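Good morning, everyone. Please look at the screen while I walk you through one chain.

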Amino acid sequence: RAGFFRQEEDTLLSFCWQTERHIPRLGLREISNACYGMARLRFEPARATMRLLGSAAIPRIGKANGQELANTAWAFRKLSVRAPQFFDAITRAQRINAMVRENAHALRVGGFAKPQV
């Protein structure tokens, strides 16, 4: 594995640089895939790029699916990338989704009080 990185480090660093350049145009699936790939390779120089990707993912989290969030979170853990704002945003989104589900259920079963006229 170490030999691979010596031979391909310039290519991987170029990938990081290109990824950073395109962050504004990336969706959460692309962000997730990039982080996952860097973590699978255990390419530690990618930590800075992953922190940028984590910050870019925050406003997109509300539209994310579970797989994208799980892969990104796994990648951050695998490379020990600190991204507290990213994980806080996931927690907030989960709470909002839970409230929406509860309210939708209440509407279906008529759980809200009827306004008095």
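How much accessible surface does the chain have, and what share of that surface belongs to carbon and sulfur atoms? The surface comes to about 8200 Å², and 53% of it belongs to carbon and sulfur atoms. Such areas come from the Shrake-Rupley method with a 1.4 Å probe, and for residues only the protein chains shown count as cover.

Some ground rules. This is a predicted model, where local features need pLDDT of at least 70, side-chain atom pairs count only at pLDDT 80 or more, and totals for chains, interfaces and linings use all residues. Residues are numbered from 1 along each chain as its sequence is written, and side-chain values use heavy atoms, with hydrogens and water left out.

Confidence next. pLDDT is the predictor's confidence in each residue, from 0 to 100. The chain averages 84, and 83% of the residues score at least 70. Among the elements, helix 3, residues 47-57, has the highest mean at 94. Helix 5 has the lowest, at 77.

Now the layout. The chain has 5 helices and 0 strands. Helices (H or I, at least four residues) and strands (E, at least two) are DSSP runs, numbered from the N terminus. Of the 117 residues, 31% are buried. Buried means under 20% relative accessible area, exposed means over 50%, and partly exposed lies in between (1.4 Å probe, protein chains only).

What about contacts? A contact means heavy atoms within 4.5 Å. Take contacts between residues at least 6 apart in sequence: 74% of them join residues at least 24 apart.

Leaving out residues up to four places away in sequence, leucine 53 touches Thr19, Ile23, Leu26, Ile31, Ala34, Cys35 and Met38. Threonine 19 is 34 residues away along the chain, yet the two C-alpha atoms are 8.7 Å apart.

Next stop, helix 2 and helix 4. Serine 32 belongs to helix 2, residues 28-40. Threonine 72 belongs to helix 4, residues 66-78. Serine 32 is at 1% relative accessibility, so it is buried. Threonine 72 is at 0%, so it is buried too.

Which backbone oxygen does the side chain of serine 32 reach? That of glutamate 68, at 3.2 Å. A polar atom of the threonine 72 side chain lies 2.8 Å from the backbone oxygen of glutamate 68.

Glutamate 68 has a side chain to discuss as well. It meets the side chain of arginine 29 in a salt bridge, 3.6 Å from N to O. That pair links distant parts of the chain, helix 2 and helix 4, 39 residues apart. A salt bridge is a side-chain nitrogen of Lys or Arg within 4 Å of a carboxyl oxygen of Asp or Glu. Glutamate 68 is buried, because its relative accessibility is 11%.

How many salt bridges are there by this rule? The count is 2. Glutamate 44 and arginine 47 form one, with the closest N and O atoms 3.8 Å apart. Glutamate 44 is at 47% relative accessibility, so it is partly exposed. Arginine 47 is at 27%, so it is partly exposed as well.

That is the tour. Thank you.

Terms used. Polar contact = N/O pair within 3.5 Å; in protein donor to acceptor, adjacent residues only side chain to side chain.
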